[in-house]
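Here is a short tour of one protein, from its overall fold to a few of its side-chain pairs. Please keep the structure open as you read.

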Amino acid sequence: MTTLLPALSGANTLYGSGMLELGMTFSLEQLLFDNDMISMTKKAMEGIEVTDETMNIDNIRKVGIGNNFLALKDTRQKIELPSDPMFVDRRMFGDWEKDGSKDIIDVAHEKVEDILKNYEVEPIDSDIQKDMKAVMDRADKEVMGQ
């Protein structure tokens, strides 16, 4: 009998990141969006630390139950703790507008261009390369029947 696990049981995504139109089109911008969503989901799956500090108990006491503590500097500094998205802009509208009112697609496209222009691939350590070659050589011998 097969047991079905809940959708957020920690399974890996095997297909879909960066894809549009049922996989007929690939978009680097979509890949960045998807990476953002996957990162936020993974962060949520880690759970949220609940302490007096993370709950801002002191600020709640300071402003009083039922009042707005979201405008306090300490609260604003901690707002990104649950997730730190690359593309979701949580600034106030005026700040976003003052910085050029770029929509999320333009921001993602600029990031794609930056990565394509500036990303440097870190070389694989020579010991790891030797190990990888040994694995490939063994596999080649098995396939060739030697």
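## Overall fold

Helices (H or I, at least four residues) and strands (E, at least two) are DSSP runs, numbered from the N terminus. Read along the sequence, the pattern is β-β-α-α-α-α-α-α, which gives six helices and two strands.

A word on the model: it is predicted, so local features need pLDDT of at least 70 and side-chain atom pairs count only at pLDDT 80 or more, while totals for chains, interfaces and linings use all residues. Residues are numbered from 1 along each chain as its sequence is written, and side-chain values use heavy atoms, with hydrogens and water left out.

## Surface and contacts

Of the 146 residues, 12% count as buried; buried means under 20% relative accessible area, exposed over 50%, and partly exposed in between (1.4 Å probe, protein chains only). The protein exposes about 12700 Å², by the Shrake-Rupley method with a 1.4 Å probe. Carbon and sulfur atoms supply 58% of that area.

Take the contacts (heavy atoms within 4.5 Å) between residues at least 6 apart in sequence: 43% of them join residues at least 24 apart.

## Aromatic pairs

Rings of Phe, Tyr and Trp (its six-membered ring) pair if their centres lie within 6.5 Å; planes under 30 degrees apart count as stacked, over 60 as edge-to-face and the rest as tilted. By this rule there are two aromatic pairs. F33 and F87 are edge-to-face because their planes stand at 80°, with ring centres 5.5 Å apart. F33 sits in helix α1 (residues 28–46) and F87 in the loop between α3 (73–78) and α4 (93–98), so this pair ties together parts 54 residues apart in sequence. Both F33 and F87 are buried.

The pair of F93 and W96 is tilted, at 5.3 Å centre to centre and 50° between the planes. Both lie in helix α4, three residues apart, about one turn of the helix. Here F93 is exposed at 55% relative accessibility, and W96 is partly exposed at 24%.

## Salt bridges

Side chains of opposite charge can pair when their charged atoms come close. With a salt bridge taken as a side-chain nitrogen of Lys or Arg within 4 Å of a carboxyl oxygen of Asp or Glu, the count is seven. One of them joins R91 to D89 at 2.7 Å, N to O, and a salt-bridge network links D89, R91 and D99.

Helix α4 holds K98 and D95, about one helical turn apart, and their side chains meet in a salt bridge of 4.0 Å, N to O. K98 is exposed at 66%, whereas D95 is partly exposed at 34%.
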